[in-house]
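Hi there,

Here is the structure I promised to pass on to you.

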Amino acid sequence: MNFKPRKRASFSRTCRTYLVILASAVIGCFGLPLKDEKDYGLVLVSLKVKAEELGLLNSQIQSKRPVKSEAKIPGRWQGDCMISSAGRSSLDNFRRSLQLSDCDNPLEERSSYRVSAQSVDATMLRSRLGYPIFSFLQLLVPKVESASAYLNKDYLGLYVLLETIDREFFKVRDYEIKEVYKARYGNAGFKEEFNARLPEAFSYEGKPDDFSLLRALYDTVTRDSSDATFYAELDKMLDIDSFLRYVAAAIYTSHWDGMNNNYYLVMDRRKEKLFVVPWDLDRIWERTDILEPEDFPSLNRMFERLLALPAMRQRLHELLTQLEKEFPLQRLYADLDKMSKEVAAAYAADPSLALRPQEEVIGELKARIESWHTRVSAYNARLLPAPR
């Protein structure tokens, strides 16, 4: 007696299954969303690119050709932007960074942002951990947030939403900027061989390229002069203390990639001097197994010459001592633990990052920080001459 009802129920379930498949196909054909975008407790960055534009974006990665995109951060901002691949060494990676530019209805008065893959940072937290250290020494730093990123409803993964360093960056901070130079390619260490090849060491924001200020700086660094003459000439064009504060933070975080690369030199119209802005901290505490703090002067000739002056060694010692007090190991570990919990859900859902346990990569970073911290403390003690 119960045979026929069961057969009807089975037939009904089969029909519903086919209807769901058919509906999904129809929805897909008409471009309607099939997936939900989850923020995983973080900032959600949602990008939408039409199929033909997406083809251009993916086929012209190296040229970084921009295409049109709809972008939004729910609850905060929505607008149309140009989107392009970003970075240099990471362009061939599975996870690559994206640049948002020329956004209408600017987010917080900014029309340009980087959705950064931080491709060499398995923790995705180095930038968030590092920028406060540079900021503590009164250096300008970009805003940085962990984000869940989506492209056409597909989860790209755990990313970092980062302000770009450009004239707009300074304008919203009420700086009057004359020139902006970006160090690049690992060539911006003030070596004499680049004195006549400045475009290979720095890029210039603006047209036509004007390297006159930078050329004068290179001439001063590479000229054979006494320490006193070198300092006096350098002081006319560079905020030397800004540079030393930058170097101190770079040494403290093992930001080796920022000594001849990944920083900005910016001319302030009011002071008529260049000052330093840090950038791209995804490699801090990376090469602690092969580098020593004593290696940093060899990466930047200007720093090397300044370090020959006793007053500059004293100042560097003071700055490193401040950082040791403000950012001891216990604080760095606590900050790292807090941030790793915040991104844990997004990390676990990331198709690439989740191949390694989060606890493992955080543990590795802590070990590198501890090893480097010990050596920086010893280096700092050696900066000053032994008492007689």
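Below is what I found, region by region.

First, the ground rules: this is a predicted model, where local features need pLDDT of at least 70 and side-chain atom pairs count only at pLDDT 80 or more, while totals for chains, interfaces and linings use all residues. Residues are numbered from 1 along each chain as its sequence is written, and side-chain values use heavy atoms, with hydrogens and water left out.

Let's start with strand β1, residues 43-48. (Helices, H or I with at least four residues, and strands, E with at least two, are DSSP runs numbered from the N terminus.) Five of the six residues in β1 are buried, meaning under 20% relative accessible area with a 1.4 Å probe, protein chains only; exposed is over 50%, and partly exposed is in between. Strands pair here if DSSP finds at least two bridges between them. β1 pairs with β6 (residues 144-151) in the parallel sense over five bridges, and S46 stands opposite Y150 there. With β2 (residues 67-73), β1 pairs in the antiparallel sense over three bridges; L47 has A71 as its bridge partner.

Next, a disulfide, which is a pair of cysteine sulfur atoms within 2.5 Å. There is one by this rule, joining C81 to C103 with an S to S distance of 2.1 Å. C81 sits in strand β3 and C103 in the loop between β4 and β5, 22 residues apart. The torsion about the S-S bond is about 115°, so the disulfide is right-handed. Are these cysteines buried or exposed? C81 is buried at 3% relative accessibility, and C103 is buried too, at 8%.

Now the open sheet: four strands in the order β9-β8-β10-β11, with antiparallel pairing. β9 and β11 stand at the edges with a single partner strand each, so one side of each has no neighbour in the sheet. Strand β10 (residues 263-268) and β11 pair over six bridges, and M267 stands opposite L274.

Finally, the largest nonpolar core has 94 residues, and F170, F202, L217, L265 and F303 touch the most other members. Such a core is a set of buried Ala, Val, Leu, Ile, Met, Phe, Trp, Tyr and Cys residues joined through side-chain atoms within 4.5 Å. Helix α7 (residues 240-252) gives the largest share, 10 residues. A second, separate core of 23 residues includes V43 and V45.

Enjoy exploring!
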